[in-house]
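User: I have a model open and want to go through it with you. Can we take it piece by piece?

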Amino acid sequence: MELSLTAKRLVLAAIGAVAAILSPALAPQAEARTLRFAFQGELKSVDPYQINESFSLSVNTAVYEGLVRRGPDMKIQPSLATSWELLDPLHWRFHLREGVKFHEGQDFTADDVVFSAQRVRGPGSDLKGRIPADAQVVKVDDHTIDFVLKTPNPLLINEWESWAIFSKKWSEEHGATEATAMNATTPPYAALHANGTGPFILISHEPGVKTVWKSNPAWWDKPRHNLDGVVFTPIANSATRVAALLSGEIDWMDPVPLNDQARVNANPDTQVLAGPEVRTIFLGMDQQRDELGHSSVKGKNPFKDIRVRKAFYQAVDEEAINKKVMRGQATPSALMIAPSIYSQSQDFKRLPFDPEAAKKLLAEAGYPDGFEVQMDCTNDRYVNDEQICQAVVGMLARVGVKVDLNAEPKSKFFAAISAAGGYDSSFYLLGWTPTTLESFNVFQYIMGCRDAKTNWGGNNVGDYCNPKVDELARQALQEPDESKRDNIFKQAWQISLFDDVGYIPLHQQALAWGVSKKTHVIQRPDNYYIFAWVTMD
Amino acid sequence: MIAFIIRRLFASIGVLIAVGLIAFVMFRYIGDPVNQMVGVETSAAERAQLREQLGLDEPVIVQALRFLLHAARLDFGMSYQFKQPVSSMIGARLPATLELAAVASILSLLAGIPLGVYTALRRDSALAKLFQALSLVGISLPTFLTGILLIYLFSVTLGWLPSFGRGEVVPIGSWWTTGLLTLSGLKSLIMPAITLALFQMTLIMRLVRAEMLEVLRADYIRFARARGLSERAVHFRHALKNTLVPVITVVGLQLGSIVAFSIITETVFAWPGMGQLFLQSVQNVDIPIMAAYLLFIAFLFVVINLVVDLLYVCVDPRLRASVRGAPG
């Protein structure tokens, strides 16, 4: 076909336009250092009380601060409180920092702490456990505040890094005195706007799209970072996230899938920051029902027999799981808590992997030919969760137990295994991070005998129950000295995991952060992202 | 004619109500929204309270009817996850998806029609056979694979185009935001548009080719040639025009599909559109968003179908008579 002159001109113009678009930007690099951060999930709300989810809690600490915070060594440091003391075991006194201002100019005083204590325990807040419901918060003067408890609690401040202090004046001005009303018809102001005391000021938040912060020049602390701003984008697709890191469009992202880590490390401009996470992955068994809901055994519950539990434990080859499924990145665990947050972990060793012993135990318990049971597992929650479960299925098959694997998305899994779902699982894989970064949390939520009224044992899906263990845990809480507490916990761990084999611990999974080599971040084992610790070249 | 329109309107409303009810019932089986709204340590009593506040413990049919009644007033409630009104969330994301869909459609037309014409006219040339083979690739490659391949080629290896996001956007009026007016916006648009358009492009190409071959065999083309018209006049003024009528119909219908199935492309490119919002809401069991999105897509399809049918009636005089009803 012969093109007319106009057509030829049009084609040339189109080619010219395309070339102009594709040529690299000629604008000079801006001077501003902006950290571009991406995560697989989205930031649900900039109101830190709205959901007790570690991602949003950690990111919101850039804007809102608590009375205390944790340093890179994970030890508790003063933050908005400069010091504190126990006047008696029930009476905590905090001295508040002077000269601190909120981003919009309000002064920080004890009134704000009293207000925040009320707001965090109020309707809509998902962080009610941060302060005991029966604790009284008393203002002594503008910079001193007392917490009067009904029972001693040495762990009171362990989670206070994420108990954000709100400005009373600002919250009242914008109708944000409650975190959110669940059936509200108007969107809560604090879900999209923030006013804290922290190192970064929220500029904009488009939920699920992009969140932008800028550095706070008037922050009370000396900044460890050299950033002018931070931009967060959720990128759900792992391949895209890795590509964005490799192409230099983002500086820091989490997580890097196991099979992409070699590639990120091979790239000259990027690397993987791997380290242990405090989350423990473990297997649980239904020890409460008289007959399992999902198994071939009728009339009795095999998991009520310790020999069966021990057999399952010894049938699982955790070293193989670590090597093959987790590519050596996990830390096999004898306890249900990470070694970094329990001082006496080295005294415990896993039960040996021994399929022959497992078969013998099963035969002794009355199951010489094994039995069938369903295993519930997530496929989108923990690192390689489904593959771990598949490996366990294979290992149990070798000792005669036929496992029917039910791998499902976390929304369905948690619906079934939670209290509302009736704790409906016979055999399951679960992960747990003690947010207080110590053992009591595990005994409270995972090991404790279930009590719906107090929520003790609220996440003890299988209802492993030994009152002696609960007694020890509560006794530990009365002990203000940490090493003495750990001694008490030692007995509790021994009974629950070795005498009773209440659970089968597997490993602590590893964190894998992808960073560009120009970006220097500090990794915390609880997977908190602290922008204030980031420097960029 | 009016009766025809009214009949179709009623049918459309029926379709929308059916979609709403089916969607709502389906959502009972994807998980528990309350678990996604609170942390793991929240007590059972609090979750039950939350469930009651949200009306989740009422029978399904009651919840569904309430939802439909509110939807009729364009009130889709608040997102469970983000605590924002669903209509404003969808509204904020709509420009991104519509822009992407429009650009992808135009791209597929601009590429598909000329290619289709060429492969029809030069049936036996090597280039035509090459295009045919490539079109098979375009139809069989899944969208996410195409997207990832493009990202790895143009973003990671060559560094020419951004791998995610929409770039800088410029607000127009009180609601619309466009990426077409900024360089970064245009750059960000290229790969997602190509990915989304690829299937459509090959479809149009094959359709145009088949239609054109069919039309070129018709009598009136032979008579036009016999009259001495130039090849160009025959091909473009007569054959192509007649070819395009069914193509436009298909493209119109496909526009609905493009908007609905931009979900995958938007997720691969982290494009902040409705599709990405929908996928996020499925993972988070955010039922208000899911239900609103499905209703919106159903509405879109219904409107497009209606418009296409009406246009068809207007354009083709033979159909007008049958619509009016055969005169007695």
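User: Let's start with Val60(B). Where is the place of that residue?
Analyst: Val60(B) sits in helix α4 of chain B, residues 60-72. Helices here are DSSP runs of H or I with at least four residues, strands are E runs of at least two, and both are numbered from the N terminus.

User: Before we go on, what sort of model is this, and how do the labels work?
Analyst: This is a predicted model: local features need pLDDT of at least 70, side-chain atom pairs count only at pLDDT 80 or more, and totals for chains, interfaces and linings use all residues. Residues are numbered from 1 along each chain as its sequence is written, while chains are lettered from A and ligands numbered from 1 in the order in which they are written.

User: Back to Val60(B). Buried or exposed?
Analyst: Exposed, because Val60(B) has 12 other C-beta atoms within 10 Å. A residue is buried if 20 or more other C-beta atoms lie within 10 Å of its own, exposed if 12 or fewer, and partly exposed in between, with C-beta atoms placed from the backbone.

User: What is Val60(B) in contact with, leaving aside neighbours within four places in sequence?
Analyst: Val25(B) and Arg28(B). Contact is defined by C-beta atoms, placed from the backbone, that lie within 7 Å.

User: And the distance to Phe199(B)? What separates the C-alpha atoms?
Analyst: 38 Å between the C-alpha atoms of Val60(B) and Phe199(B), which are 139 residues apart along the chain.

User: Zoom out to chain B. How many helices and strands?
Analyst: Chain B has 13 helices and 2 strands. Its C-alpha atoms fill a box of roughly 85 × 70 × 35 Å, taken along the principal axes. Of the 328 residues in chain B, 41% are buried.

User: What share of its contacts is between residues 24 or more positions apart?
Analyst: 70%, taken over the contacts in chain B with a separation of 6 or more.

User: Pick a residue in α5(A). What does Leu246(A) touch?
Analyst: Leu246(A) is found in that helix. Leu246(A) touches Val264(A), Asn267(A), Thr270(A) and Val156(B), not counting residues up to four places away in sequence.

User: Is that one buried or exposed?
Analyst: Leu246(A) is buried, because 25 other C-beta atoms lie within 10 Å.

User: Next, the largest nonpolar core. How many residues?
Analyst: The core has 211 residues. Such a core is a set of buried Ala, Val, Leu, Ile, Met, Phe, Trp, Tyr and Cys residues joined through C-beta atoms within 7 Å. Val63(A), Phe531(A), Leu100(B) and Ala291(B) have the most contacts inside the core. Helix α8 of chain B, residues 183-216, gives the largest share, 14 residues.

User: Which residues is Phe531(A) in contact with?
Analyst: Beyond four places in sequence, Phe531(A) is in contact with Leu35(A), Ala62(A), Phe200(A), His225(A), Leu227(A) and Val230(A).

User: Sheets now. What is the strand order in the open sheet of 4 strands?
Analyst: β4-β5-β7-β6 in chain A, with antiparallel pairing. Two strands pair if DSSP finds at least two bridges between them. The edge strands are β4 (81-88) and β6 (136-141) of chain A. β4(A) and β5(A), residues 91-96, are joined by 6 bridges, and Ala81(A) has Leu96(A) as its bridge partner.

User: Which helix lies across β5, β6 and β7 of chain A?
Analyst: α3(A), residues 110-120, running at about 175° to β6(A). Angles run from 0 to 180 degrees between N-to-C directions, and axes are lines fitted to C-alpha atoms, for helices over the stretch in contact.

User: What do the buried residues of α3(A) pack against?
Analyst: β5, β7 and α4 (168-173) of chain A.

Methods:
Contact = placed C-beta atoms within 7 Å.
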